[in-house]
Amino acid sequence: MSDRLIIFDTTLRDGEQSPGASMTKDEKLRIAKQLERLKVDVIEAGFAASSNGDFEAVRAIALAIKDSTVCSLARANERDIARAAEALKGGASGRIHLFLATSALHMEKKLRMTPDQVFEQAKASVAFARNLSADVEFSPEDGYRSDPDFLCRVLEAVIAAGATTINVPDTVGYAVPELYGNFILNLRQRIPNADKAIWSVHCHNDLGMAVANSLAGVKLGGARQVECTINGLGERAGNCALEEVVMAVKTRKDYFGLDVNIDTTQIMASSRLVAQTTGFVVQPNKAVVGANAFAHASGIHQDGVLKARDTYEIMRAQDVGWAANKIVLGKLSGRNAFKQRLSELGIDLSTEAEVNAAFAKFKELADRKSDIFDEDILALVMDDSVTSEQEFYRLVSLSQHSETGERPESTVTFAAGAHEHTVSSQGNGPVDASLKAIESELQTGVELLLYSVNAITSGSTESQGEVTVRLQLGGRVVNGIGADPDIVVASAKAYLSALNKLHCKNERVAAQG
Ligand code: KIV
Ligand code: ZN
């Protein structure tokens with residue numbers, strides 16, 4: 001059996017299914033390029049048949065990516081499969097990923113199909129896909145809760161029909177490590193042609209065991225592909241976290257005995273890019289990529305680490321890209337230095353106008369903040385006004401007054417298309433007053449589901465505040481992010497950014513329904 005573990009990233013497909021995480025084509029492309037730098041083996045770019053937006057995103061990614069296989073999800077029917085094949089056409093290396101539910105519950109209640117019908121459809125759709133692509137993956141959805149006898153029958157048939165990868169999803173995050181590992185092993189042992197396919201694990205994190213289950217599927221079950229997302233992004237409690245699986249396999253090579261192709265020094269850049277694009281911030285104590293992952297607060301630990309790092313550290317911060325947290329530029333840095341830093345960070349702004357807009361923002365920020373970190377630069381290029389992807393609403397200026405014992409008041413000037421509006425409101429605090437001012441003018445009726453503030457770089461009150469807001473309107477959920485040294489300004493930017501996403505609904509890629 002191979003001793004190489006294939007890393008299949010599904011941030012842009014399963015990750016995007018998180019409420020509010022849907023991305024534009026350009027955002028997806030930017031993340032795909034970062035995943036290529038991270039050297040993931042397979043990038044699941046989307047679900048081409050789910051919307052025109054996602055079709056275009058998969059197509060753009062397939063054409064741009066050279067070093068990773070690009071994959072599109074498809075339901076097990078000819079229309080979806082043909083659409084996936086069309087989106088992948090012309091790319092360096094493509095894969096079609098079919099799924100069809102096999103658990104009794106899903107077949108009866110969701111698909112309203114008999115097991116025999118599911119069996120026939122699985123077989124026929126894999127055969128159809130194999131005529132269009134040499135690389136076909138099949139996933140029995142809710143596989144872990146399926147009857148093992150039926151699953152063996154279906155999987156043997158789809159391998160015979162040409163499936164090259166068999167993925168066994170724990171769709172609802174119900175598995176526990178030992179049972180999941182043995183479940184995969186049992187399938188591999190019972191299916192006569194099991195060795196003709198690569199076996200893959202796909203675990204959700206509802207009970208907090210997605211990474212442990214995936215690793216058990218590898219160690220006990222013999223799987224050689226792990227499906228995962230950056231930061232564990234994904235609907236409900238998320239998917240298996242790529243950075244955790246990769247660092248576990250690398251750090252405990254003595255136990256797993258497997259190689260992964262990932263350039264781990266790109267992990268932090270990937271984590272930040274995904275967090276800043278989607279608005280799903282990383283908790284400070286998150287393994288590998290959390291702000292505290294390598295911080296030692298207790299005196300005994302600090303003393304130990306200073307004497308010998310490995311007394312308390314099992315990984316080196318710089319091996320996962322933490323060293324990037326350093327001062328990179330300042331007020332006197334020129335356009336060329338700025339452009340070079342953008343390219344070192346893997347950011348390729350598509351036009352000179354975008355570089356100019358980003359540089360102007362950088363100068364503005366450098367006037368107010370002496371040290372500019374990589375994180376500041378990333379936040380700056382995520383600003384709608386730099387990428388100008390869907391900037392209908394734009395903050396022009398904000399002034400606010402708050403005083404102990406007084407009700408704060410804010411005056412906000414913002415552009416909506418070609419028109420500028422200046423509005424004032426009072427509120428419980430300056431943030432509340434600013435958002436109320438905007439809302440009093442636009443009367444959008446949105447519901448605020450989440451408001452959070454984080455310091456972009458830790459350890460100093462000089463840091464920019466990064467605000468995330470999650471808004472809901474008519475069943476759609478979007479996240480907006482805004483960054484500024486002034487958190488009230490950051491809040492207004494985040495609010496307008498989320499409104500932009502609601503405004504440009506057609507440009508956003510629809511998640512799987
Ligand atoms: O969780 C799941 O079952 C999936 C499949 C579509 C692979 O995401
Ligand atoms: Zn999934």
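Predicted model: local features only at pLDDT ≥ 70, side-chain atom pairs only at ≥ 80, totals over all residues.
Local features require pLDDT of at least 70 and side-chain atom pairs pLDDT 80 or more, whereas totals for chains, interfaces and linings use all residues. Residues are numbered from 1 along each chain as its sequence is written, and side-chain values use heavy atoms, with hydrogens and water left out.

The zinc ion (ligand 2) is coordinated at 2.0 to 2.1 Å by Asp-14 (OD), His-202 (NE2) and His-204 (NE2). Donors are N, O and S atoms within 2.8 Å of the metal (3.2 Å for Na, K and Ca); water is not among the atoms, so sites may look incomplete. Along the chain, the donors follow the spacing D-x187-H-x1-H. Asp-14, in the loop between strand 1 (6–9) and helix 1 (25–38), and His-202, in strand 7 (residues 198–203), are 188 residues apart, and the pair links distant parts of the chain. Helices (H or I, at least four residues) and strands (E, at least two) are DSSP runs, numbered from the N terminus.

Around ligand 1 stand Arg-13, Asp-14, His-97, Phe-99, Ser-139, Glu-141, Pro-169, Thr-171, His-202 and His-204, each having a heavy atom within 4 Å of the ligand. Strand 4 (94–101) and strand 5 (136–141) each supply at least two residues of this shell. Taken alone, ligand 1 exposes 260 Å², of which the protein buries 97%; accessible areas come from the Shrake-Rupley method with a 1.4 Å probe.

How values were computed. Chains lettered and ligands numbered in written order.
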